[in-house]
Amino acid sequence: MKKIAQLSLFAAAVLALSACGKQEQQAAGDAPAAAGAPQAEAGGSEVVKIGQVSPMTGPIAHFGKDNERGAILAIDELNAEGVEIGGKKVKFELISEDDQADPKIGTQVAQRLVDAKIVAVVGHLNSGTTIPASKIYSDAGIPQISPAATNPAYTQQGFKTAFRVIGNDVQQGKALGEFAVDGLKAKKIAIIDDRTAYGQGLADEFEKAVKTKGGTVIKREFTTNTATDFNAILTSLKGSNPDLVFYGGMDAQAGPMAKQMKRLGLKAKLLGGDGIQTPEFMKLAGDAAEGQYASSPGMPKEKMPGFADFNKRFQAKFNTEIQIYAPYEYDAVRVLVDAMKRAQSTDPKAFLPEVGKTDYNGVTGRIQFDDKGDIKNGAVTVYQAKAGKWSVVSTVGGPGAAQ
């Protein structure tokens, strides 16, 4: 009996190893499908995987979750509509990844998505993760639309797969620089940036625009995207008596910075980009938010053609307010599916050329791309914090602007 039991155990082990080997073969694929190849689902629908990447953990996770919610809403609505492409019913599946706003992790999750056979990706959020990841998607021939990355370098690499549905930092930095000199009449401007691709890139463009307009930058300082104590930098700036401090970075730093400026008696206004034009900045800065300025690529929400209805659906599904990029994420998903419909194919090789030909009226407005993949006529809106809300000051560009 003991011998029989031993043989039974041995046979079971052999069977287990055999099954494991079969699973590994299936996972690796004896005849692997091409990147982005759709899969069949029981019931006859074709499963089409779309990737989404943003920071889901860490100090700016609120941005990442906001983006993911925009994608989830788009995917759920598309599936409810019963989309057919090339005569086949399609079911879309969102594969969401957390890049933690870390460039190294960003490339790792990009490769993971390619290996998962996605047909397209919406993301990443940060320029610092979007740019290195874009080469991986380009090498795989997978269309990538960022709803948030604004550094010009992303679309200047020559990749035919790279697009964005939001204005870049050349547009935003120019608008901010002109607003600082002409709108705020700032005479002495100090600049701080967080040394990320986004923060430094926006600060560089802002500085160029200020100098072009004849403004004066009296000091430029640097911090990091994890810092929370800016007392040494701000004390140094106080001695120069600036009337405006520009910050290139995100709300996780700008909020505490505004508080510390007030505590130190620094009378200068704080001006930033889309990284701080959020409800979260209001929470972090408290009463120090009052009167501060920030810009955001795009039209004001109330002027976006589809925002009111989108916001109702978003609130009903998630019971939370929109941070900033969710409408752009939603539009990015819709743009990709619109390209698939026009190509009558879910194969990236077939629908990628159609992405560049996009002429789509989305929640955020009319979406068309130039030859680099940048959105045409990207608007930039400047806001001021008043009574706990962002109020529109002015908008540059947008629908009707010269191309």
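I began with a definition: two strands pair if DSSP finds at least two bridges between them. I also noted that this is a predicted model.

**Entry: the sheet.** I looked up the strand order. I found an open sheet of seven strands, ordered β9-β8-β10-β11-β12-β15-β16. The pairing is mixed. I then checked the edges. They are β9 (217–222) and β16 (389–396), and each pairs on one side only. From one strand to the next, the twist averages 25 degrees.

Entry: I picked β10 (residues 244–248) and β11 (residues 269–272). They pair in the parallel sense, over four bridges. Across from F246 I found L271 in β11.

**Entry: helices on the sheet.** Helix α8 (residues 251–263) packs on the sheet and touches β8, β10 and β11. I read about 170 degrees between the directions of α8 and β11. Next I looked at helix α6 (residues 197–212). Helix α6 lies across β8 (189–193), β9, β10 and β11. It runs at about 160 degrees to β8.

**Entry: D169.** I located D169 in helix α5 (residues 169–183). Is D169 buried or exposed? I found that D169 is buried, yet has no salt bridge. The nearest side chain of opposite charge is R164, 6.8 Å away. A salt bridge needs the charged atoms within 4 Å. I did find a polar contact of 3.5 Å between the side chains of D169 and Q172. Leaving out residues up to four places away in sequence, I listed what D169 touches, including T150, N151, P152, K174 and Y198.

How values were computed. Residues numbered from 1 in each chain as written. Predicted model: local features only at pLDDT ≥ 70, side-chain atom pairs only at ≥ 80, totals over all residues. Heavy atoms only, no water. Helix = DSSP H or I, 4+ residues; strand = E, 2+ residues; numbered from the N terminus. Buried < 20%, exposed > 50% of the residue type's maximum accessible area, 1.4 Å probe, protein only. Lys, Arg positive; Asp, Glu negative; His and termini not counted. Polar contact = N/O pair within 3.5 Å; in protein donor to acceptor, adjacent residues only side chain to side chain. Contact = heavy atoms within 4.5 Å. Axes fitted to C-alpha atoms, helices over the stretch in contact; angles between N-to-C directions.
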